[in-house]
2 protein chains.
Amino acid sequence: MSTRVKIVTGAEELRHLCNEARKRGESVGFVPTMGALHAGHLALVTEAKKHATFIVASIFINPTQFAPNEDFAAYPRDVENDIAKLATVGVNAVFTPEASTIYPPGEETRVRVGRTAAPLCGISRPHFFEGVATVVTKLFNLVGPCTAVFGKKDYQQLAVIRRMAADLMMPVTVVGHPIVRESDGLAMSSRNRYLSAADRERALSLSRGLAKASRAFKEGERRSETLRSLVDDEVRVASDSVDYVEIADPETLVAIQAGQPVGERALVAIACRIGATRLIDNEVLGENG
Amino acid sequence: MSTRVKIVTGAEELRHLCNEARKRGESVGFVPTMGALHAGHLALVTEAKKHATFIVASIFINPTQFAPNEDFAAYPRDVENDIAKLATVGVNAVFTPEASTIYPPGEETRVRVGRTAAPLCGISRPHFFEGVATVVTKLFNLVGPCTAVFGKKDYQQLAVIRRMAADLMMPVTVVGHPIVRESDGLAMSSRNRYLSAADRERALSLSRGLAKASRAFKEGERRSETLRSLVDDEVRVASDSVDYVEIADPETLVAIQAGQPVGERALVAIACRIGATRLIDNEVLGENG
């Protein structure tokens, strides 16, 4: 099956391939990734196939979304295996550009989303969302997808991309796909492979905290500080540092402060470090179950 | 003939109209304007018709490219006459959105070009090019043109849009059209209608200065400070204030400093005020004649 996947490294080659697909009457779906693929990524492809007939996945570790002190150099790279995995779920083309293809010498344009990108990861990673918005714009313009699928594990990233696509009137539907978890609750992430066995055990504190908050919410708890504490207590004891544990509006991402009750739905979002590994997780209370 | 022009105010209506044109096999050309049209704008439409079969013009005075102290409120508005003029040159559709269509409540995304937007008008109008880049991105995403045409009178604007389109890998060819001048040399501009008869006379200093530099360049003058002085002397005596008279690289817009010789081609760019009216003009030495 893998022989049918087209591997593309050139930007204009990719544009041409997608144009030709459209000329044949295909609809183009797109799943951008940074590689080191797991079942969560493959679920995005499966989702994309519900919306489009010709599926493009990209594997590109985007340098502009990493700060100098972050793990760009160490980010897991496993392109051959990634392509094999994408073949099994029926991807038609995989785009694996060099950094200089996406950021050629002299390039100087950036896309910036405002308020949605400001809180949560925008505080601990101030350049992150500008890098994401910029690379996704470039990839959208090359692929021209009718639908693009992103995982909800990167909840704020999805919100930023939705905002950007709407604000810039991009001709694409952005679809979010639910978090895919390991059987013990750990949200799938390419960075999980960094975790030692002991760290992996500690990493379960994130999903455990979310489950506690979710249970309390279902039992009627609406005090944001109580819901937040249920998560924070779990995460803080298990992790080496906490970037944030926040209760926020699921649309605007504005924090619901202590003393304010949460509404029908509330985002619980976590970012923390287990050893050297930064992990994130989230749940929208009131959305599932 | 004007009955054949489709007037569109809604964003999705415009997108649909252009999608339908493409489905019929048409190629879409685009001429974005701020209205108050003159023969220079109509020449852009005529140029667009060389590249595409279905021509969309927009009339939108973009609030984000004006600073609070600038002439957004006073900018000339003459939509009915504009549409009639566009009909005479064979525009197929005119997009005349409300500001709230392009900037709905909650929108928060901006496109920013770096070095190309920094000198010249980027100094005197620091928010200008971010506003331009953002609105042009939105309009491109709605129209989906294969070709978009901009006037070279706004030389830096054209350079910024070219840069943005290339950097963000937009599927559009950006075409620049030569400056259209009145018979006495004044570059056509919507803002010329602000000028009193006496001011209009003074405004001829811009094209006169450019002509002097051009003549000197043709006669072999390559000292940037001499070329600059020829223009500056004309403009400074006639205008109320000078934002800049600059000799610059025509590609990067980097200023050629006094003491540096100019090369085969050099941009001479002027921005100044005649009364309350800000005028710009430019010429690329070595390019014409």
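Colleague: Let's take the sheet in chain B. In what order do the six strands come?

Modeller: Keep in mind that this is a predicted model. The order is β1-β4-β3-β2-β6-β7, in an open sheet with parallel pairing. β1 (6-8) and β7 (173-177) of chain B sit at the edges, each pairing on one side only. On average, neighbouring strands are turned by 25 degrees against each other, ignoring direction.

Colleague: How many bridges join β3 to β4 in chain B?

Modeller: Three, between residues 54-59 and residues 93-95, with the two strands running parallel. Within that pairing, V56(B) is opposite A93(B) of β4(B).

Colleague: And which strands does helix α1 of chain B touch?

Modeller: α1 (residues 11-23) packs on the sheet against β1, β2 (28-33), β3 and β4 of chain B, at about 140 degrees to the direction of β1(B). Helix α3 (residues 79-88) of chain B packs there too, touching β1, β3 and β4, and its direction makes about 165 degrees with that of β3(B).

Colleague: Now the core. Which residues touch the most other members?

Modeller: The general idea first: in soluble globular proteins, nonpolar side chains tend to be buried together. Here the largest nonpolar core has 170 residues, and V45(A), V268(A), V45(B) and V268(B) touch the most other members. Leaving out residues up to four places away in sequence, V45(A) touches V31(A), I55(A), A57(A), L86(A), V89(A) and V91(A).

Colleague: Last one: how is chain A divided?

Modeller: Into domain 1 (2-177) and domain 2 (190-282), with 26 Å between their C-alpha centres. Across the boundary, 13 residues of domain 1 contact 14 of domain 2.

Definitions and conventions: Residues numbered from 1 in each chain as written. Chains lettered and ligands numbered in written order. Predicted model: local features only at pLDDT ≥ 70, side-chain atom pairs only at ≥ 80, totals over all residues. Domains from an automatic or database assignment. Contact = placed C-beta atoms within 7 Å. Core = buried A, V, L, I, M, F, W, Y, C linked by C-beta atoms within 7 Å. Buried ≥ 20, exposed ≤ 12 C-beta atoms within 10 Å, placed from the backbone. Pairing = 2+ DSSP bridges. Helix = DSSP H or I, 4+ residues; strand = E, 2+ residues; numbered from the N terminus. Axes fitted to C-alpha atoms, helices over the stretch in contact; angles between N-to-C directions.
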